[in-house]
Amino acid sequence: MSDRNSDPLLDKLNPAQRQAVLHTEGPVLVLAGAGSGKTRVITHRIAWIIQRMGVPAWQILAMTFTNKAAGEMRERVGHVVGESARDLWLGTFHSIGVRLLRQGLATSCGLQTNFSIYDTDDQVKVVSRAMQALSISDATHKPKQIAGYIDRAKNRCLLPDDQRLIDEVDSPFDRNALRVYHAYEAEMRRANAVDFNDLILRPLQALASDEHILFNYSQKFRYVLVDEFQDTNQAQFELLKLLTSVHGNLCVVGDDDQSIYSWRGAEVDNILKFPERMPGTEVVMLEQNYRSSGHILQASNAMISANRSRHGKVLRTDAADGDKLTLHAAATERDEAAWVARRIERLHKEIPLKQMAIFYRTNALSRVLEEAMRLARLPYALIGGQRFYERAEIKDALSWCRLLVNPSDTAGWLRAVVSPRRGIGQVTLDAIAEFAQGRDLPMPLASRELLRLRQAGKATDKLKAFEELVDKLRQGIELLPAHEAGRRVIDQSGLYEALRKDKTPESEDRMENLKELLTAMEDFTEQAQDPSLRSFLEQVALVSDTDKLGGEVDRVSLMTMHAAKGLEYDVTFIVGLEEGLLPHSNVVNEQSDVRDLEEERRLFYVAMTRARHKLHLTYARSRRKFGAQEMATQPSRFLQQVPRNLVEIEGSTYGATGGWQTPAAGTMPMRRGPLPTGAWAQRPVSSPQPPKWQGGSEDDVPVLQRGEQHEPAPQGPLQVGSRVRHITFGSGRILVMDGPKPEDYLTVRFDQVGVKRLVARYVKPAS
């Protein structure tokens, strides 16, 4: 082993990074703040284990959450260790799950190795068919809701016969969802198919059920590393614990302040309680930031420090303070978007468009921003719009491909049999589905069995022609590279010909998309170690939207705050910073958990820390909602936790005289004219703390403080704190009374729909 004091693998690491690289034995928790060089730590740790400790690369397992991150990690390791990087087990959790199943674990959990991977759309359709078979109306329970129930159960490692899940049934929805879960699993088994959660749960089952298999795999992977650990769910953590059960060499890297995916099963407690759950854990904090300027970092630190559930770390930087943050209050959402476009035009004189990004809380906010970009003739990329592989014609072609690889793939068969149309109607499909259910067969095999029994009815000839075409296309498919298999499908299935005969501009676009699919297959064939059609289908199933980011095209990126995690830009804009948007209206009612509000704050922190040099914060004082009336808004409470001395208020025409402004809240029609000075303006400019709330805890919706001239005198039966009722919104409690006369307008927290602002005469005292 080389001298650690002068080893080139360690020379460019700071002391904390060195500690994370060198502590190789036992559990290690690396708390890596935003921009703290965690990828460098992971790659150097892998290189150290291979080059200095002499461990073969194939005995190292490294997992992250996106293909893009995994590719960058492999490339960086390759620069250091050379060709041996190819032997690493390195990829996303789901791609590693697929690999484990394909290479031996599939048979241990009842799968054939040519299983299909169902996407969210396929999953919802399986749920819908199960509901139909059980006579459960989708008017009562939506298939997407039940699919969500199944996802949550699998994230918790709960199968439908698990007693814990049975004990939790306390409503008609739970009861029906559990019934559907049973039927769903039965159809997935018949179809030899898995969903995304199964890619974790099935390997976990196989390892937990066989001590011999568990011992072999835990010995095989002597060192396990995980990036973005704060995004793991319960099943993923359980899988990691099993894979390291022999040696305990589990190194997890993450940032609890960037845990923003609880809605898809992530458990922030995995990282918060890791030292408790893994005794003997070495905790290393990476607090040196190499991305953002001083002012951006100070503002981010102050804002996130309001969270209670977090490890106590404070990021620091050697970089200059740089520009202050910019806050812009626009009159409307159109004015907000226009201001952003003008600012980008100005900045583009010195900064490439691809180094600028706009973040927002929900996709609905993108429309007006796109319009502003088009009007300004600014090229942009919308991240999170319809993905290429989700287009109808692409899904049609891929369904054919899946059916050729997996003859039991019901979802693939159901799409292929009607794409292109060949006169096989819903009555025939329902009959096949019923026959399949009765014989416990997947629909593709049920179709063939009906033909064999000569019970296919009027559709016999058309069904027979289809099955013969499938057989013809399937011949030797496993021997063809992906692009040749794809060309066979597109040329002979009738998909391309049907579009050609349509002769509409839309069909021409779809034909071009099919050609682009073949191009993608050719690119894959040239680069992949396994160029088979099955391997290509795996890649498509596991691709994420942010994997496509990058390249040389100079354009602004538009995306949600969730999509922004892991990215960085010279200049960023965070728009729509209003109550009801951030934090989202779903988490500002009395039923909300404080953890939900803290996750919203973490989401803002993630967005803030994407910026290297310049961060713009904007909100609109009114926003059109529900496609109709303009409603007055209130700035996000999180803005109040950003120190005033770090912010430059710019472009406001509403009397921004050195203090934070507090536009009124709720849903009242837009009113012009001056607004009362509120809590932000009253706060000392040096204080990073938010003002005290009136009428509730800090986690309630804030009731803005007012000066004496605006303090309402109780009028009649209505006053702050009174219970009231609205004909549409139901019952609620008054938070604020104001207006030209103090009692003219009310801000009410309604029990069912959250905070609204409305004219007082439309509510009555609750009886």
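Predicted model: local features only at pLDDT ≥ 70, side-chain atom pairs only at ≥ 80, totals over all residues.
How are the rings of W89 and F221 arranged? Their centres are 5.0 Å apart with the planes at 65 degrees, so the pair is edge-to-face. If you wonder which values to look for, a pair of aromatic rings is described by the distance of the centres and the angle of the planes. W89 also counts as buried, at 4% relative accessibility. Together, W89, Y217 and F221 form one aromatic cluster.

Colour the chain by residue number and look at this pair again. W89 belongs to strand β3, while F221 is in the loop between α10 (211-220) and β6 (223-226), so the pair links parts of the chain 132 residues apart. In total, the structure has 14 aromatic pairs.

**Stop 1: charges over rings.** Stay with W89 and show R99. R99 lies over the face of W89, 3.8 Å from the ring centre. For another example, select R102 and F115: the charged end of R102 sits over the ring of F115, at 3.8 Å from its centre.

**Stop 2: the strand that carries W89.** Switch to a cartoon view and select β2 (residues 60-64) together with β3. These two strands run parallel and are joined by four bridges. Look for A62, which stands opposite L90 in β3. Next, show helix α3 (residues 67-81): β2, α3 and β3 make a right-handed β-α-β unit.

**Stop 3: the whole sheet.** Widen the view to the six strands of the open sheet, which pair in parallel in the order β3-β2-β6-β7-β1-β8. Which strands stand at the edges? They are β3 (89-92) and β8 (282-286); each has a single partner strand, so one side of each is left without a neighbour in the sheet. On average, neighbouring strands of this sheet are turned by 15 degrees against each other, direction ignored.

**Last stop: β1 and β7.** Select residues 28-32 for β1 and 250-254 for β7. These strands pair in the parallel sense over four bridges. Finish on V30, which stands opposite V253 in β7.

How values were computed
Residues numbered from 1 in each chain as written. Heavy atoms only, no water. Pairing = 2+ DSSP bridges. Axes fitted to C-alpha atoms, helices over the stretch in contact; angles between N-to-C directions. Phe/Tyr/Trp six-rings, centres within 6.5 Å; stacked < 30°, edge-to-face > 60°. Buried < 20%, exposed > 50% of the residue type's maximum accessible area, 1.4 Å probe, protein only. Lys NZ or Arg CZ within 6 Å of the ring centre and 35° of its normal. Right-handed = clockwise from strand over helix to strand, strands pointing away.
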